[in-house]
Each structure stands twice: as C-alpha cells, then as structure tokens.
Amino acid sequence: MTVDRDQLIDWLDLEEPSSDELACMDDLEHGDYEIYSERLRLILDEGMDVFVRSGVSQFIAARDLAVAIYTPEGDLVDSAAGAYLHVVTGVPPLKYVINNFADDETVGVEPGDVFYANDALYGGIHNPDQIAFMPVFHDGEIMAWVSAAAHTTETGAIEPGGMPISARTRHDEGMKLSPIKIGEDYKLKSDMVEMQKNFISRAPRMHEIDLRARVTTCDRVRRRIKELIIDKKGPDFFKGLIRRNIKESQEGAKRRIDEWNDGTFQTVHFADTVGYEDGLWRLKAEMEKDGPEIHIDYSGTSPENDGSFNTQPVAAIAHTANYMFSVPFHDLPKSNGTYDLIDFDIPKGSILYPDPEASTVQAVMVNQVIMDSTTTLFSRSMYDEDSENEHVTAPMANTAPGYAFGAENQHGEPVADLMSHALNTDGTGGQARRDGEDEAIFPWCPFGHASNMEFVENEYPFTHQYFRHGTDSCGHGKHRGGIGMQIAYMMHHVPVVEWLSICHNSKLVTGQGLFGGYAPRTIPGITITDSDLKERMANGEYVPDDLIELLQDRTLDADYNITSHVRESKPYENGDLFVGHSGGGCGYGDALERDPDAVMEDIENDRVTHRSAKEIYQIEYDEETLTVDEEATERRREEFRQQRLEEAQSFGGFIDEWEEKRPDDEILENYGSWPDGEKTEPVMRQ
C-alpha cells in the first residue's frame, strides 16, 4: 500500500499561492471579478446540464453530481453541485496525479489527457462515487483542472447496486481504480473502457454511458473556459480570477465564523447497524470555536468494525461540506479556502479512520451521522436570540435510504440501479423561524430531485404502487421537521428482481432535535410477498396505498415481512411489494410552543395524526371540525409543563443514573469499551 492517508488529509489545505498568481490577482480591474466569476459559474452550470443530458443512471438524472474547477496545483476554485462532497474529494486524487505522475515519463500530463478514479483509499468517498478530470492547457502551460463526478449504481461488487451490505473487506466492493489515465489526445482509450465494462458486467451499457458523460462534461467545461475566458482575457487574467475566487471564499468564511458564539460544543450520536448485522456504535464530536478558527475532534467515536460501515477520513471531512456549502457559506464560492479555517482530529483505528483493508462501501451511511453532528454543532454556535439567525436549524432527516436492485428488464437488457425517490425526499430540519420542508431533499445533494416515474417504469421491471406523505414521520417541535415520504415498488413484467436496502435508523435515529425539538421516528423494513395484489387490480378491487393501513389492517391477503430497514440482497417475485420510507427532519424548539392552528393544518394535510396532536402538542380540539379550544389547550399545556417539572431531575442526578445503565454485551459487540467507545481488540479480516 503506497498511499499516505495523512498526506491526503493535508492536501485539503490550500497550497501557498505564487507571487505571480498574487500579482495577477492584484492586476484585476474594478468589476472584472464580479463579471468573470459569474461567467465561470455559468460555465460550470452548463457543464452540469450537459452531464444530466448525457448520462443514464438514476443518480445523474437526479442531479446528484458535481462539476468543478481546480487550480494547476489541485486546489478547489469553484463548483456546480449537486453533491458538494464530490468537489472536496476531488482534491486528493487530483493532487495525487500532480505529485506522483506529472513528471513520471510513463504517465505524464499532456493536453487532451483524461484521468479517472474511484478508490476511497486515494481520497474518494466509496467506489460507486467516480470522478473524471482533465487539464486545461494554454500554450503548453496547465492553467487549471476540471472534473465531473457522480455516483455510479453498479460496481461489480458481491451484491448488485454498488453498495453491498454484506461486504466485510474492501475486496468485496468490486471495481476500485486508483487515479489512472484513461484517455489521451481527447480520446478515451478503448482498452480502459473495456476493462471497466468487464468489471461492471451486470450493467456494462449503463456504466459506459455514464463514463462518457463524465468525460463529455469535463471537455465541455474545458473548452468553454478556454474560449470564453482565457482566449478573450489572457492567461494572466485567468490566473488572477481563480486566485481571487479562493480569496473571496476564504475571507468571507473568516468574517462569518468570527461573528458566531465562541465556546466548546459537543454532540454524541448513536447508530444501530454495521451493515451485515445490527449493532450499536457512536459518533462523538467536540467543536472548539475561537474567533475565526474552528477545531473539530472526533475522539471517543467507536472503533472500526468488520462490516461495511466504516469511512476513510477524507470522506468524513468532505461530508461536512454538504452542510457548510449549502447553509452557512451557501453564498460564497465553493472553494477549499473555506476549509483553511477548520481543522479536524480523526482518531486512527476508529470507524472514521479504519485499517486500509476495511470495507468502506457504506461510508455515506456512517457520514450521515457526521452531517447530523455538523449541523448541531454549528447551529449551537450560530444561535442568536435577537436575530433568530435563519441558518440555525435542526438536522435534516439524513436517512436517505438506498434501495438498489438488479435484474434483466422487460426489454431483455441487464440493469442495476439505486433508486432516487427515497434518497431525494428526506424532510429538512425545523428552523429558528419556520418548519422544515416536506419531502424536500437528498441530504448529499441539496439541489437534486427524484427522477421521473414514467421514465423509471419504462426502463425498469417494476411499478410504483404508491408514493405519498409519510404521516407523522417528522420530528415534532415548535417548528416541526419536514415530512418524509412512503413508497412501494411492485415487481412487474419479469419473473424476479433482486433488491437490497441500505440504511440505518431502524431502532435508533441518529438525528436529534434542537433546543427541545423531537427526533423523527424510526423506519422499519417491510416487504409483502405472495399477495393477492395483482388479482385485486385485475378485478378492479380496492388496493391499499398507505404503510400504516397495510400494517394495521393487513388489507392484502399476503405474507408480511417486517425486519430491520437494512435488508440484504434477496429475490422478489412478480407481484411482490418492496416497501420503502424516507425520513422526516428533526424538530426545533418545544412542541408546547407550536401554534395549535398549525397542527390542525398538518392534520388536514395528512402530515401528522390526531394522536400526535393530543399526546405531543397537548391540544384540545374538535376532531370533526378541527376547531381549537384555546383556553382548554392552554390549561392542558400548563398542566403538562407542571408534570415535566415534577418528573425532572438535576443534570448531576441524570448522569449518576445514566452511568449505572449498560446495554447487553450482544448489542455492544461493535461499540468498543462501554461507555467510552475505545478500541478493545483488533478486527480480524480475511
């Protein structure tokens, strides 16, 4: 193993600008930066549109992708996304090429070269996330690099869909490419394309189309930058422009951070699976904020495990970008100048920095918890009672369940994909001024969207039995989290389809409410087999379209299978239902302060139930007319507050009681020592 992962982390820091770059930046005239930085962003946006129109997989259709530009030394300048973590994880593999291959006579970097990478050990996220990058040359000098990255839904792993739940080592994950040259002189090398298709034999056509979409995007952005900026304004102007872009993000972030509350902020989150089995693990985070500088320490996080729920350290850091680039720094250029003020301490041997042989294919699931934690830490530092900072928010659902399948479709083509509907419909967290957004977002991709159902049903061998609000799925609060959705896929056209489910939050939800808000509900795994569903449809009889009805009333004559939301790969026959659910956002503030009329509106719109209105919001009202009795409601809430006070205990008393408790050994197998989460024994892998 040659890659130095500490070096990859260090490469996220900015390189020192040259005196030539600084001089070029100083030579920019009034208005140059404002006009041409916007032109640069429009070029990147055009690249994004090209990417979506050229690719074929669900993730690309859903815009879960990123297009970016980097300096000649590999620092991020700006991006269009999509998924911001892709642009951060573009830095290490690019710097790996620059530092190891640029002067290597067997590789080198020439105009028209195309490089490709997807190995998490080299700074990626997990091997389904794949990136192509190209140099931008002018008169023999590298002026910049451009990249196009997206999640690929098949990798040739031991299970279909690119994210095998049962992986125990990196060798179970399928194709992994260290940074490698796959094209020269503006042409892809046929042997490199054939090699990848051979790895991805479950869906070679899809893989080749998406691969070519990445390269097409890079070349479009490269040509636009050359034609519309460098050729028009000159190379020195371009050098000054991209250096100024980085400076704007660096100084803008510094000013903003400096305004927030100084102090020490802590979070602890618990999760319930390591992939192949249920098991408790925790993420512990402590953030020191002093002036414009931030240090985040993950000491006390559970040790690595022999399942697929581990992550490489660069991927953990990159996941903070999903929050930072879309919330507190949403209006700044997306550059790693932002990261210049933030240091990370990630303990080796933890689930965030495992042995190189560990499987990290579920890194995104582990890092969902990083996203929960980052939101909470920053919101506490940003809280301002006077202004009610609009960026202060409870965490979004951060569940984004991945439902992956593989089959021969109704047209006789091998297909495998990860469906985007559940991914793109998590609820966002309640905020200081308002509720979270319902069914709003893919936590990794704030601007993504669920793909077109008719397109999906035309290409894939199943239909959408229903797709609707997940009633009561939110975290409740003064401002409730956004609602998640519920969906059921019915197998159709073909005898069998292989499905698996990637998630956690079946027994514990990792997100926590903010300032008294509630966490959202847990999510079960449900499949319904051997049913009379198709017979009912053929006869024009009633068919259910709601998860709660299916479970409570058992409307279908069928076998109901209720398991953990994590489901290993299994075949489903024609007519079977694979039921899914996205998560609701976390709540903000005390539910007793919520406007009762807002709760009545939520009932009317199927967002919350009567039970929640009575037991959580403590409202007295007429169930038929939804008319609130305001005086009775205030009395009921006051009585509930008194009950809380009577049942309350001091923090010290709580700690004393808490420390007497200990889960069963069976649950703690992957946790580490109790309660500190320290590593107790080596992990054995074959």
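## Basis of the model

This is a predicted model, in which local features need pLDDT of at least 70 and side-chain atom pairs count only at pLDDT 80 or more, while totals for chains, interfaces and linings use all residues. Residues are numbered from 1 along each chain as its sequence is written, and side-chain values use heavy atoms, with hydrogens and water left out.

## The largest pocket

A pocket is defined on a 1 Å grid over the protein atoms alone, as an open set of points with protein on both sides within 12 Å along at least five of seven lines; lining residues have an atom within 4 Å of a point. Grid points are joined across faces, edges and corners, and a volume is the space filled by probe spheres set on the points.

Two or more lining residues come from each of α3 (32-54), β2 (76-81), α10 (313-324) and α11 (363-382); helices (H or I, at least four residues) and strands (E, at least two) are DSSP runs, numbered from the N terminus. The lining comprises 18 nonpolar, eleven polar and ten charged residues. In this scheme Ala, Val, Leu, Ile, Met, Phe, Trp, Tyr, Cys and Pro count as nonpolar, Asp, Glu, Lys and Arg as charged, and the others, Gly among them, as polar.

A cavity is a set of grid points where a 1.4 Å probe fits but cannot get out. The model contains six cavities of 30 Å³ or more. The largest cavity holds about 140 Å³ of space. Its lining has 17 residues, with Phe-59, His-151, Val-364, Phe-442 and Trp-444 nearest the centre.

## Helix packing

Helix α3 also packs with helix α8 (residues 204-233): their axes come within 8 Å and cross at roughly 155 degrees. Axes are lines fitted to C-alpha atoms, for helices over the stretch in contact, and angles run from 0 to 180 degrees between N-to-C directions. The angle therefore makes α3 roughly antiparallel to α8 (a term for angles over 145 degrees). The contact of α3 with α8 involves twelve nonpolar, four polar and seven charged residues.

## Salt bridges

A salt bridge is a side-chain nitrogen of Lys or Arg within 4 Å of a carboxyl oxygen of Asp or Glu; the count comes to 47. One of them joins Lys-181 and Asp-113, with the closest N and O atoms 3.0 Å apart. This pair links distant parts of the chain, 68 residues apart: Lys-181 is in strand β6 (residues 180-184), and Asp-113 is in the loop between α6 (91-100) and β3 (114-117).

## Backbone geometry

Most residues other than glycine have a negative phi, and most peptide bonds are trans. A cis peptide bond joins Ala-81 and Gly-82, with omega about 25 degrees; Gly-82 lies in the loop between β2 and α5. Another cis bond joins Trp-674 and Pro-675, with omega about 5 degrees, and Pro-675 is found in the segment after α18 (651-659).

Technical notes
Angles under 35 degrees count as roughly parallel, over 145 as roughly antiparallel, 65 to 115 as roughly perpendicular and the rest as oblique.
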